[in-house]
Amino acid sequence: MSIIEIKELTKYYYIGRNKKIVGLENVSFSVEEGEIYGILGPNGSGKTTCLKLMLGILYPTSGEINILGKNQFDIEMKKNVGFLPENPYYYDYLTGPELLKFYGKLYDIQEKILNERIEKLLYLVKLHEAKKLALKHYSKGMLERIGVAASLINDPKILILDEPTTGLDPIGCIETRDLLLQLKNQGKTILLSSHFLSEVERVCDRIAIFHRGYLLATGTLRELIEKYNAQGLEDLFVKTINDFDKKGDR
Amino acid sequence: MKKAWIIGLNTFKESLRRKTLYILLVIALIVIGASKAFSFLTAEEELKMIKDVSFSGIEFFGALIAIFMSLYAISNEIEKRTIYTLFSKPITRQNFFIGKFIGVVLILTLNFILMCLFFIGLLIFKKSPPDIQVSKALFLIFIELILIGAITLTVATFASDAFNIIFSFFLYIVGHLTSYGNQLIDRTENLILKGLGKILYSVVPNYENFNIRDKVVVGIEVSRNYIFKIGIYWLLYLVIVILIGSYFIQKREV
């Protein structure tokens, strides 16, 4: 069953009156319940634009977004979605538990349940020993981890992660990957964007390749490798992008 | 409203960390304190001087605090990209805007109370505790500061920081000169200019409406009826400004 459906989604950015930049062009895909769906693409390919549109942060030029049967602005839908932005910035004067409490309160979570959840999440992301540390003293990896915890504060059905391993060291990347698989086993649906091919290859059930705002290919890795006669994900990635660029040149 | 309050409290805590706030507050307190330096005046003149300088200091530095704190309240969320996470939460953009407004009101209230306490302390020291007229003048200054903050907050929903600062200061100055402007408009014979002037006079907030300090300093009583009328004017203006801000934050792409 599709839990996320994107239909003919288009986003143009306008510079002045006449110049139009394509953020996304006629993109359609769906994400099934319980799967990890990876959006791959080089920088500026439209991955973040797509995620921002899905969360109602940006307005689409045209197209439809359906998440849990609701549109992207629906408050009830948002109660079931967790989001980790790329290079997360938070209120750096807060401590980890304070940040989680602030976000938790926005979900109307009961105080007792919220406190218990904060404890659990701090252990999950291994920040329980940094409880009293203000976020401004956090390392990049710690910020990424508190971001993951913040995205899970509402125990969401759907998790949307924008470049969750950017800036993490190899151990941090492995831990994040394990966490994603653990969350998948708990029944959560995960949509992540990344330009790290190996990360996507290891955790994603299906992938989508974006380039210059276009969705070039989507499916399981095996399906796509067969379809494009590629040697692996890296080869597939390069082939689809080069093919697209060649067509554009013509 | 609960979510707006949560965002408001967070904005308040964040504002408390701004160095600008403390610099302005300290300067304001120094200015208010300096009014006591006119010891060569007679006791009565000195008291007038304390009231005059203090009212002006509270109003002027309060306006600076209102403008800067309101500006930071929204632009900081956008600049630091914390707004992405906030907008992904189950809140409406109106919740966000009202929350920011609540935060600004809280920080203005705290600063206003501190400045007033200092001023009242000076009056008590001079054995002239504040009377109801002083309270009326302070009340009007306070609601004026809230309006200044709300306008800057609203402009922050659609304009750049640089434009907002210039606009807010311009409006602050023009808002205090509207009565003079109106007299000029009345003398103008050019109908187009007169029409444009009248429109501008109606749109620009008349901050002089909130200024009863000259009367209070010289002991002229200001009626409750006047305070009530200005209160209604303020409320109407505030509601319109907040509605405009809510509209623009709804449209804004971040």
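At 31% relative accessibility, A:Lys131 counts as partly exposed, where buried denotes under 20% relative accessible area, exposed over 50%, and partly exposed the range in between (1.4 Å probe, protein chains only). The model is predicted, so that local features need pLDDT of at least 70 and side-chain atom pairs count only at pLDDT 80 or more, whereas totals for chains, interfaces and linings use all residues. Residues are numbered from 1 along each chain as its sequence is written, chains are lettered from A in the order in which they are written, and side-chain values use heavy atoms, with hydrogens and water left out.

A:Lys131 forms a salt bridge with A:Glu119, the closest N and O atoms lying 2.8 Å apart; a salt bridge is a side-chain nitrogen of Lys or Arg within 4 Å of a carboxyl oxygen of Asp or Glu. A:Lys131 is in the loop between α4 (111–124) and α5 (140–151) of chain A and A:Glu119 is in helix α4 of chain A, so the pair ties together parts 12 residues apart in sequence. Helices (H or I, at least four residues) and strands (E, at least two) are DSSP runs, numbered from the N terminus. A:Glu119 is also partly exposed, with a relative accessible area of 34%. Over all chains, the structure holds 17 salt bridges. Side chains of opposite charge can pair when their charged atoms come close.

A further pair in chain A joins the side chains of A:Lys239 and A:Asp235 (3.9 Å, N to O) in a salt bridge. These two residues are 4 residues apart in helix α9 (residues 233–249) of chain A, and are therefore separated by about one helical turn. A:Lys239 is partly exposed at a relative accessible area of 30%, and A:Asp235 is partly exposed at 25%.

In chain B, the side chains of B:Glu59 and B:Arg213 meet in a salt bridge (4.0 Å, N to O). Because B:Glu59 lies in helix α3 (residues 43–79) and B:Arg213 in helix α9 (residues 213–217) of chain B, the pair ties together parts that are 154 residues apart in sequence. B:Glu59 is buried, at 2% relative accessibility, and B:Arg213 is buried at 10%. Salt bridges that share partners also join A:Asp108, B:Lys2 and B:Lys3 into one network.

Between the chains, 27 residues from chain B and 26 residues from chain A take part in the contact, defined by heavy atoms within 4.5 Å. The buried area is about 2800 Å², of which carbon and sulfur atoms give 57%; this quantity is the accessible area (1.4 Å probe) that two parts lose on being put together, summed over both. B:Lys89, B:Pro90 and B:Glu253 supply 22% of the area that chain B buries against chain A, more than any other three residues. Across the interface of chain B and chain A, the rule finds 4 salt bridges. One of them is formed by the side chains of B:Lys3 and A:Asp108 (3.9 Å, N to O). On the side of chain B that touches chain A, α1 (2–15), α4 (82–87) and α10 (224–251) of chain B each supply at least two residues. The largest share, 7 residues, comes from α1(B).
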